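Dear colleague,

Please find the structure below, together with its sequence.

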Amino acid sequence: MIPSSPVRPGASPISAGATIPLSFIAAGLVAGVMGAGWLLAAPGTLALPHLHPHVIALTHVWLLGALATICFGAVYQLLPVLANTAFTGRLAAWVHLGVHLVGTTIMVVAFRTGELGIVAAGGTLVATGVGLFALNVARTLRAANRLDPILIAFGCSAAWLVVTVIAGVLLAANLRFGWWPMNVLGLLRAHAHLGVVGFFVTLLQGAMFRLVPMFTLATVDTTHRIGWALALSQTGLLVLATSLAWAAAAGTFAGATLLLVSFALSGRELQRIYATRRKRVIEPGLRGFFAGLSLLMVAGLAGAALACGVGDLQAALGYGVLAILGGLLASVQGMLCKIVPFLVWMRVYGPRVGRQVTPQAGTLGRANLERLWVWLHVSGALLLAVGAGVAHVGVLALGATLFAAGQIALLVSLGTTARHVWRPVTAPVAPAAAQPVKTFV
């Protein structure tokens with residue numbers, strides 16, 4: 001196992017104070033409910049051309065409103081702990097949350113109504129929040145004892161997010177004022193892949209090699225292979241985004257191939273680590289996480305096929321739905337089933353250890369609902385991807401129903417966990433039995 005450095009003064013298992021990450025996560029879950037409600041009320045949205053304003057608005061509900069907001073909260077919690085340093089950006093994080101939510105709301109409404117000038121205004125607020133986030137990440141990494149590929153992945157993801165947001169603001173301004181006579185579809189595809197692969201997938205490529213060992217009691221003996229996989233993905237994304245922007249088919253295929261090789265290497269390394277686990281029972285959240293990774297790999301293969309000229313523009317929309325709602329969302333929400341109970345336990349019961357009987361973190365939620373969420377989410381996302389790819393409203397309606405039911409099941413489970421913040425278990429403990437309880441997994 002990789003040796004850890006002594007904990008620095010001020011470092012803590014809840015370095016961001018739990019309140020900050022939980023606030024981001026709660027806001028992201030609310031956005032996810034809104035996105036699921038939109039799909040349920042108007043499943044035909046995903047049968048529209050993927051440059052339609054409603055499709056772009058819905059995409060930003062999920063990417064900016066739900067996924068990015070949740071990931072921001074997770075990074076504010078995880079990164080200081082992994083870097084073994086204290087969290088010092090509290091005010092910046094709260095400002096980030098405010099401008100991000102306001103900016104995202106403005107962007108979604110403006111996209112839906114076709115007001116591109118207002119889109120740029122909302123994007124500027126989002127960019128301000130991303131700048132604060134990137135500064136927090138940079139400050140934390142600078143204070144780390146040493147940088148390994150896992151921490152570098154956090155830095156790369158933040159850098160790609162900055163590039164994505166700047167590119168998005170410029171793209172919206174160009175659509176409004178027509179400064180550059182470039183192919184809008186190519187620029188939009190490059191922008192989307194910079195965000196999805198650059199921020200979300202890169203973040204997963206790093207974080208999963210700490211989270212999975214933590215929650216399964218597995219061993220990471222080296223990070224060299226993780227580093228090679230990360231280097232390939234960053235190179236592949238650079239080639240892919242540039243080629244998409246300039247409509248270079250050969251470069252697009254080359255970039256997609258490099259990304260697939262990188263994902264395969266990361267998957268093989270994760271499999272190697274998983275084989276060393278000492279915890280044999282795998283909770284539903286981790287099963288959802290692994291299901292999401294599998295769907296991401298399928299989406300990667302579909303993307304490579306599109307790069308070879310297989311499929312049309314509608315099929316490309318199905319590819320995006322599979323990657324975002326199937327792969328990314330399942331992976332991120334699966335980890336929430338582990339992260340949220342940990343944060344709630346540390347906030348509520350951590351100070352009470354030794355003074356009362358404390359429940360284990362893994363028992364705060366409802367495992368039966370989490371299992372139901374996995375099945376509903378995967379089946380619903382697959383139907384949504386197929387329905388979007390063939391523009392079939394009936395398939396989309398069924399997929400949206402299953403998908404929304406899955407989101408409700410997950411929300412009820414996480415809500416049961418969050419209820420401990422207001423209604424904690426207060427059973428006293430006899431003095432002889434008072435002892436710390438191991439609750440991290």
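I begin with the charged residues. In this predicted model, Arg225 is partly exposed, as its relative accessible area is 35%. Its side chain meets that of Asp221 in a salt bridge, with 3.9 Å from N to O. Asp221 is exposed, its relative accessible area being 56%.

The structure holds six salt bridges. Another of them joins Lys338 to Glu283, with the closest N and O atoms 3.4 Å apart. This pair links distant parts of the chain, 55 residues apart: Lys338 belongs to helix 10 (residues 313–348), and Glu283 to the loop between helix 8 (249–274) and helix 9 (284–307). Lys338 counts as buried because its relative accessibility is 8%, the cut-off for buried being under 20%. There is also a network, in which salt bridges with shared partners join Asp221, Arg225, Glu269 and Arg272.

A further salt bridge is formed by the side chains of Asp148 and Arg210, at 3.0 Å from N to O. Asp148 sits in the loop between helix 4 (116–142) and helix 5 (149–177), while Arg210 sits in helix 6 (residues 184–216), so the pair ties together parts that are 62 residues apart in sequence. Asp148 has a relative accessibility of 7% and therefore counts as buried.

Is Thr216 buried or exposed? With a relative accessibility of 0%, Thr216 counts as buried. Leaving out residues up to four places away in sequence, Thr216 touches Tyr274, Arg277, Arg278, Lys279, Ile282 and Leu286.

I turn next to the cavities. A search of the whole structure finds three cavities of 30 Å³ or more. The largest cavity holds about 190 Å³ of space. Its lining consists of 18 residues, and those nearest its centre are Cys71, Ala74, Leu204, Leu211 and Val332. Helix 2, helix 6 and helix 10 are the elements that give two or more residues to this lining. Helix 6 gives the most, with six residues.

Helix 2 (residues 53–83) bends by about 35° at Ala68. Just after helix 2, Asn84 takes a positive phi of about 60°.

The largest nonpolar core has 125 residues, and Leu39, Trp62, Phe72, Phe133, Leu325 and Leu384 have the most contacts inside it. Helix 10 supplies the largest share of this core, 21 residues. What does Leu325 contact, leaving aside its neighbours within four places in sequence? Leu325 is in contact with Leu39, Trp62, Ala330, His377, Ala381, Leu384 and Phe403.

His377 is also among the residues touched by Gln407, along with Ala36, Leu329, Gln333 and Trp373, again not counting residues up to four places away in sequence. Gln407 is found in helix 12 (residues 393–422). Gln407 counts as buried because its relative accessibility is 7%.

Yours sincerely,

A colleague

Methods: Residues numbered from 1 in each chain as written. Predicted model: local features only at pLDDT ≥ 70, side-chain atom pairs only at ≥ 80, totals over all residues. Heavy atoms only, no water. Helix = DSSP H or I, 4+ residues; strand = E, 2+ residues; numbered from the N terminus. Buried < 20%, exposed > 50% of the residue type's maximum accessible area, 1.4 Å probe, protein only. Contact = heavy atoms within 4.5 Å. Salt bridge = Lys/Arg side-chain N within 4 Å of Asp/Glu carboxyl O. Bend = angle between axes of the 7 residues up to and from the residue. Core = buried A, V, L, I, M, F, W, Y, C linked by side-chain atoms within 4.5 Å. 1 Å grid on protein atoms, 1.4 Å probe; cavity = no way out; pocket = protein on both sides within 12 Å on 5 of 7 lines; lining within 4 Å. Points joined across faces, edges and corners; volume = space filled by probe spheres on them.
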